[in-house]
Amino acid sequence: MVNGNPYYSQKRVGGSLHDTMYSSGCGPTATAMALSKVTGKNIKPETIAKDGLKNGSWDSEGARAGLFNQSKYGVKTVSSGGDFNKFDKMVSAGIPTTVSGTIGKGEDSPYTSAGHIVTVF
């Protein structure tokens, strides 16, 4: 926990998922933090990653939109559609929000050329 919010690191996953989580695990990690906060359960990034591997929403190339549909946890997924005002309202209302981005169009982020996914509390 950091400031009362769940915190996981994609670089601290062991076992068979270690290499893939280290390089491409930001989606499962960010999703696990948001779900843990909303549900009050300790949902691990490994659990999200394994589910993503099974349903094709995550692999060594990264996350796809389906990874964020977590209805099995009783959570409704809503997209801001890139609308900053909608995003701001969600965060201001205390809704944990996962965001994906790069520095700019066609530019690498400081983390990866494909972008990086984080959770905003």
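This is a predicted model: local features need pLDDT of at least 70, side-chain atom pairs count only at pLDDT 80 or more; totals for chains, interfaces and linings use all residues.
Me: What is the phi of N3, which is not a glycine?
Reply: N3 sits in the segment that precedes α1. Its phi is positive although the residue is not a glycine. The value is about 55°.

Me: At what angle do the axes of α2 and α3 cross?
Reply: Helix α2 covers residues 26–39 and helix α3 covers residues 45–55. Their axes come within 8 Å. The crossing angle is roughly 120°.

Me: What is the handedness of the crossing of α2 and α3, and which residues of α3 make the contact?
Reply: α2 passes α3 in a right-handed crossing. From α2, the contact uses P28, T29, T31, A32 and L35. From α3, it uses P45, I48 and A49.

Me: How many nonpolar, polar and charged residues does the contact of α2 with α3 have?
Reply: Pro counts as nonpolar, as do Ala, Leu and Ile. P28 and T29 of α2 are among the contact residues. By class, the contact has 6 nonpolar, 2 polar and no charged residues.

Me: Which element gives the largest share of the largest nonpolar core?
Reply: This core has 14 residues. L17, M21, L35, I48, W58 and Y73 have the most contacts inside it. The elements giving two or more residues are α2 and α3. The largest share, 3 residues, comes from α2.

Me: Which residues does L17 touch, not counting those up to four places away in sequence?
Reply: L17 is among the residues with the most contacts inside the largest nonpolar core. Leaving out residues up to four places away in sequence, L17 touches E46, A49, K50, L53 and W58.

Me: Is C26 buried or exposed?
Reply: C26 is found in helix α2. Its relative accessibility is 13%. Buried means under 20%, so C26 counts as buried.

Me: How far apart in space are C26 and H116?
Reply: The two residues are 90 places apart in sequence. C26 touches H116, and also Q10 and I117, not counting residues up to four places away in sequence. From C-alpha to C-alpha, C26 and H116 are separated by 6.5 Å.

Conventions. Residues are numbered from 1 along each chain as its sequence is written. Side-chain values use heavy atoms; hydrogens and water are left out. Axes are lines fitted to C-alpha atoms, for helices over the stretch in contact, and angles run from 0 to 180 degrees between N-to-C directions. Helices (H or I, at least four residues) and strands (E, at least two) are DSSP runs, numbered from the N terminus. A crossing is left-handed if the near helix is turned anticlockwise from the far one by less than a right angle, and right-handed if clockwise. Contact means heavy atoms within 4.5 Å. A nonpolar core is a set of buried Ala, Val, Leu, Ile, Met, Phe, Trp, Tyr and Cys residues joined through side-chain atoms within 4.5 Å. Buried means under 20% relative accessible area, exposed over 50%, partly exposed in between (1.4 Å probe, protein chains only).
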